[in-house]
Amino acid sequence: MKEPAIKAMIQLLDDSDTEVVQLVEQQIRTLGPSIIPVLESEWEQLSLNPFLQEKIENLIHDFQLESMRNRLTLWKEAGGMDLMEGMWIVATYRFPDYSFSQLKTELDQLYYEVWPQIRENLHPMDQIKVLNGVIFDQLKFGANTKNFHAANNSYINVVLESRKGNPISLCVIYMWIAQRLGFPVYGVNLPNLFVLTFKQKGVQFYINVFNKGLIFNRVDIDNYLAQLNLTPNEIYYNPCSNLEIIRRVLRNLIMAYDKAGDEEHKNELNQIIDSLD
């Protein structure tokens, strides 16, 4: 459908006949997310009609939500190989104009700040200690303990800008840097806490990124599980998949919006996570 016809339909959303409005809205929705630029253009020109502006805002939001859900489904069906692509897709739920190329540029800048300070021929634990010093002391990444449950702690673009996040968002950034440096560092899906493991033949230890990269071992996980009255399970000691990480990020967002009393966003995210299952 050509742009003038779409604009004419948008104007009919303010018609006094509710049946006409319903039919027009149904027709607009069939056009899909490709008409978002037209909707945004019309919204800007309708400052004197707040009712119609709200109608357009709702349409834009629903189209953006549809796009985000479709991208996430395609990412999963393709194997979820690129974790940062998954994190970017999640971020577009709240920041639809945030581009994947922008995220990659920001990550590359981080890598180039870290790389010159990493030394070869060190023991793995010493390598991680050097990496900790760069990420936490120089780059100032750290735990957002003041607003632990804030939704922004789960959006990768906000965490990269503020340098504050929750356990899983900080782990994702740390893991990306470590893997880019060639370190075998992966995510571990512990109950109530997300950590990392350095795992290669003959060497395995764990990293608590939320506690400035504190290094610990398998016995510490045993004790942690005992405190929670949980039976040890191999999934608590070994790397998890990228899909599991994205699911956990979404669950954190659901919890954040639930605590904020935001039922709309909570329900939308529940539908998205259900689609991944």
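These legends accompany an overview and several close-up views of a predicted model.

A few conventions first. Residues are numbered from 1 along each chain as its sequence is written, and side-chain values use heavy atoms, without hydrogens or water. Because this is a predicted model, local features need pLDDT of at least 70 and side-chain atom pairs count only at pLDDT 80 or more, while totals for chains, interfaces and linings use all residues.

Figure 1. Helices (H or I, at least four residues) and strands (E, at least two) are DSSP runs, numbered from the N terminus. The C-alpha atoms fill a box of roughly 70 × 45 × 35 Å along the principal axes. Of the 277 residues, 46% count as buried; buried means under 20% relative accessible area, exposed over 50%, and partly exposed in between (1.4 Å probe, protein chains only). The protein exposes about 14,500 Å², with carbon and sulfur atoms supplying 49% of it; these areas come from the Shrake-Rupley method with a 1.4 Å probe, and for residues only the protein chains shown count as cover. As for confidence, the mean pLDDT (the predictor's confidence in each residue, from 0 to 100) is 94, and 100% of the residues reach 70 or more. The lowest confidence is in H1, at a mean of 87, and the highest in helix H8 (residues 156-162), at 98.

**Figure 2. Helix H1 (residues 3-11) and its buried residues.** Look for Ile6, Met9 and Ile10, which are buried. They cover an arc of only 105° around the axis, which puts them on the same side of H1; the arc is that of the directions from the helix axis to the C-beta atoms. An α-helix has 3.6 residues a turn, so residues three or four places apart point the same way. The buried residues of H1 pack against helices H2 (18-29), H3 (36-44) and H4 (50-77), where contact means heavy atoms within 4.5 Å.

**Figure 3. Strand E4 (residues 193-200) with its partners E3 and E5.** Since 6 of its 8 residues are buried, E4 is largely enclosed by the rest of the structure. Strands pair if DSSP finds at least two bridges between them. On one pairing, E3 (residues 185-190) meets E4 in the antiparallel sense over 6 bridges, with Val188 bridged to Val195. The hairpin of E3 and E4 has 2 residues between the strands, and Asn192 in the turn has a positive phi of about 65°. E4 also pairs with E5 (residues 203-208), again antiparallel, over 5 bridges; here Phe198 stands opposite Phe205. In this second hairpin, with 2 residues between the strands, Gly202 takes a positive phi near 85°.

**Figure 4. Phe216 in strand E6 (residues 214-216).** Phe216 is buried, with a relative accessible area of 14%. Beyond its neighbours within four places in sequence, Phe216 is in contact with Val195, Phe205, Tyr206, Ile207, Asn208 and Ile221.

**Figure 5. Arg247 in helix H11 (residues 242-259).** Arg247 is buried, with a relative accessible area of 19%. A polar atom of the Arg247 side chain lies 3.0 Å from the backbone oxygen of Leu276. Leaving out residues up to four places away in sequence, Arg247 touches Ile273, Leu276 and Asp277.

Technical notes
Polar contact = N/O pair within 3.5 Å; in protein donor to acceptor, adjacent residues only side chain to side chain.
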